[in-house]
Amino acid sequence: MPYNIHFPALLIVLPLMAAPLCVIVRHSFFSWLIAVVVNICVVLFSVSLLLQVIDGDVIRYTLGGWAAPTGIEYYIDTLNAVLMVVISIISFFSLIYSKASIQAEIAPQRYYLFYTGWLLCLTGLLGIVITGDAFNVFVFLEISSLSMYMLIALGKERKQALLAAFRYLIMGSVGASFILLGIGFLYAATGTLNMSDLALHLVDADQSRTVIVGFSFITVGLLIKSAIFPVYSWLPNAYQYAPSAVTAFLAGTATKVSLYVFLRFFFHVFGSEYSFAEMLLGKILMPLAIVGFFAMSIVAIFQTDIRRLLAYSSIAQIGYMFAAVSMATEAGVAAGVIHIINHAFIKTALFIAVGCIAYRLGSSRIADMGNLIALMPWTASAFIIGGLSLIGVPLTAGFVSKWYLVTAAIDSGWWSIAIMVLLSSLMAIMYIGKIIEVFCFRKTTENMKGADVKEAPLFMLIPLWALIIISVYTGINGSIVVGTAELAASQLMGGML
Amino acid sequence: MSDSIILDLPPFALFFIGAFVLLFLRGKTGSTIASIITVAVPIVSFIGLLQWQHGSFNEYQLLGLELTLIKIDKLSLLFAYIFHLAALIGCIYALHEKDRVQQIASLAYAGSAIGAVFAGDWITLFIFWELLALTSVFLILARRTEASYLSSMRYLIIQVLSGVLLFAGALMLIHQTGSATIRALDLNTASFSLDDLAIWLIFIAYGIKCGFPFFHNWITDAYPQATPTGTVFLCAITTKVAVYALARSFAGADMLVTIGLIMACFPIFFAVIENDLRRVLAYSMINQIGFMLCGIGIGTEMAVNGAVATAFNHVIYKGLLMMSMGAVLYRVGHVDGSHLGGLYKSMPKTTIFSIVGAASISAFPLFSGFVSKSIIMLEMIHSGHTVGWLLLLFAAAGVFHHAGIKIPFFAFFAHDSGLRVKEAPTNMLVAMGIGSAVCIYIGCSPALLYSILPYPIDYSPYDVSHVVTQLQLLFFSALAFVWLNLKGLYPPELRSTNLDIEWFYRRLFPQVWTLVVRGAGCFSHCFKLGGVNIVNGLIRFAEKYSEPPAVLARGWGVNSMLLALLSLMIVVLVFNYL
């Protein structure tokens, strides 16, 4: 028996079991250590899984030996394997970073709770991605969401953090219950919960009203979870008031995972023919995506708080991803996946940089960040590189994403969208340019004169630069990400195996 | 051995390496080393450049396309030489400046320009095109005033817009042909249909960068706002890259002749009424680019030669004028023509250099402008554009008027403003000295310039007809200036016996002249005001909904979030049940 046969199960079980362990240990350092060690294992498992499926194979792992569709099945193809790698790597670097960053944000007696919540959240996110069972998706969605609400509520500014978590909880619960309802309808129509099985049964049951209702519920539920315009408003507050490590983790993973579920359901389970040709999903999403990336980029320009600015930019980027996916072509889906991956690394890096700045400055107001390039050269230059990547300057990961997005749009004849994407990049230049201008050309403000501002601790800089290097590397040698994403897209569009 | 390492590097690499090294230099020794690097980089890089042969190098693959990093022929070499020379002069001129941001930006900017002229494909060109914008904007920002900040943002948006258009056009072209190699595009047969959209997009992208009419505002907006040293780089590089690109892809496009003529003529009116002398030079720059575009538009080998030779000379003499104005700005603190004057007493050397620049731009015989501009004029008439030739004559007279006389006159002579300042710093004088020497050398012995032109040339500027025509032109233009000046100061002194003609030039012409001036002022004002109002309106609109407490930017209450959800749900349901 090969050594790696149970990796899919271990990937989920390990962090799930480690979470209560943290509670039992109740020690701030050891709970961090447990989380890091588990996370390293998770990274290794997910990389190993990716290597197994990278040439187009699919792993179907039956839990407890109960064959699908009766039992729960983990279904791993290129798309979710690569996402698991992304999630676990981002979680790993954010964890390293969190060690120092939470000292300024969370009371020491709550550290073990923080890591417990983190591990549960990681479990949930990985579970959503790995599972091949529709109901299981909901279960993991709830695990990740509940732990996320808790993590957000741990934020420094208690009142706002609690309120942000509460708002997120309301919207998240509505979204999750919609998804549950939708899955329920599908179960009623087909009698199965296994995704592959669902796909087979839905072909016959296409015209059934039950399926249509299920489809609508799942659509709306997933859109809330992915924070698309106009149901995005839980996101900015959550990102702004959560502990900075949580924001970094969330920004790279949470909405991306919902987007993954979106891809899985609408291309895999329902089939792109049904979702986009019959149910006109593209017609709903494309305008929302476009308004989203325009309006949110504009809003980002006017923000005075750097974390809020990045939060709005995140919503705009989700707009790009949805615009790519809504084309419902292989190139479009590939472009969407590329952007999911690239943006995950960029945004996490940016939020970590912002966390470093806030750690030293004690403020995240852009106006307070004058002359930062001299005070914190490593952090500020990392932020600038990340920002350029967000704009899509050549030789950065963001350029590769935009390139494929624009090419995909042109290939499907959507000239107007290609042009709008390029135009909205101008706005990204403005909101990033505004920050760079403050970093490089404004003087240190009066109220910051007294503060002892110096370079962030090494332990915060290492994860930051690791992520920046990843994103620059994928920008220069885009073929790794692009190749995987294209394979993932072709598998997804090709239907079930 | 060291030679071969330098040789293996792409020609622009040294500039970026230099800029990168500068990032890490600190302290007093650091700034000495930085100064040495800025001057050494152009020299060493130039020596390296001399070893390159014609052909394509460093081919690589990106995103499934065959790209060529370096493609060398006579045309690109010529522009690379001039950018090296301009970088050297600019760096010497900026030696007294210890601002690291400017030094880094200047080197990277010159490097991007050299990269752009050697780019063998659209994608590489686009990358350097955007780098040009991103690096040069720091030269404006570095002035660190509110006005320069606003100006730089407008500049950046326009420049990046040009890049975006180029990118869109290049994508379409690659999509249509499957090849990314830069090639000549035929604008004359291009229709206004989707098939030829790519050609138009690229044409407009180039046009924005070289200041086509209606796109020219960024030049006159940003250049006077840049730092004294930054402007020297700016005026040498960005537009010249665009001229290069046009010469490469659009030689022979009839439309360029028209555009060039407009550009050669209209700035004259603005330049005459403008008070900020660096802005006068910015207008004069548009006028000079007009000449080059005419040459490119005519498209014969000789005309293209004339255009690129003008570009070559223009970089030097416009740089020289800009440097002299920069020196004045550095010493006096402003360059408003109305508040200068009499500076020749305190800045005699700068005055002389400025006059050399003025003589060159006005194409005085024995100065560099003469050996290049006359080629374009000659080709204009050979290709049958008589009206065009007349307009160019007018433009040439205008150049002399506003750049050749107005700049030195108002800054250094005119009424004595009482300003007593020190002579420009030595490094500035050295830089201006080099520029003047090049101007005079090329003017006296054009053979060297002619030998590096892209096409073989058999032309002698110093024959009787050329010299006489040019001198006539210059003297009548000088006469006009003197007359207008005297007219303003001593009206009764200027009596004439011939009443009809007197009326013609003392009544009608002044009236027309006032009208034109007023019209030009009014037009420029409306144009600016209209544009500014539209932009401000848009910004206010966006601000209304996007500033932190506004509807899009605040955290919504649960009710409104659910309302949004409800409306989304209705939309989804409607579409799903259709």
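In the predicted model, the interface between the two chains involves 37 residues of chain B in contact with 42 residues of chain A, two residues being in contact if their C-beta atoms, placed from the backbone, lie within 7 Å. On the side of chain B that touches chain A, two or more residues each are contributed by helix 6 (122-141), helix 7 (146-177), helix 20 (499-546) and helix 21 (558-577) of chain B. Helix 21 of chain B supplies the largest share, 12 residues. By class, this side of chain B comprises 29 nonpolar, four polar and four charged residues (nonpolar: Ala, Val, Leu, Ile, Met, Phe, Trp, Tyr, Cys and Pro; charged: Asp, Glu, Lys and Arg; polar: the others, Gly among them). For the complex, the predictor gives an ipTM of 0.76 and a pTM of 0.66.

Chain B contains 21 helices and two strands, taken as DSSP runs (helices H or I, at least four residues; strands E, at least two) numbered from the N terminus. Of its 578 residues, 52% count as buried, that is, with 20 or more other C-beta atoms within 10 Å of their own, the C-beta atoms being placed from the backbone. Among contacts in chain B between residues at least 6 apart in sequence, 81% join residues at least 24 apart.

Where pLDDT is low, predicted coordinates should not be read in detail.

Residues are numbered from 1 along each chain as its sequence is written, and chains are lettered from A and ligands numbered from 1 in the order in which they are written. Local features need pLDDT of at least 70 and side-chain atom pairs count only at pLDDT 80 or more, whereas totals for chains, interfaces and linings use all residues.

Key. Buried ≥ 20, exposed ≤ 12 C-beta atoms within 10 Å, placed from the backbone.
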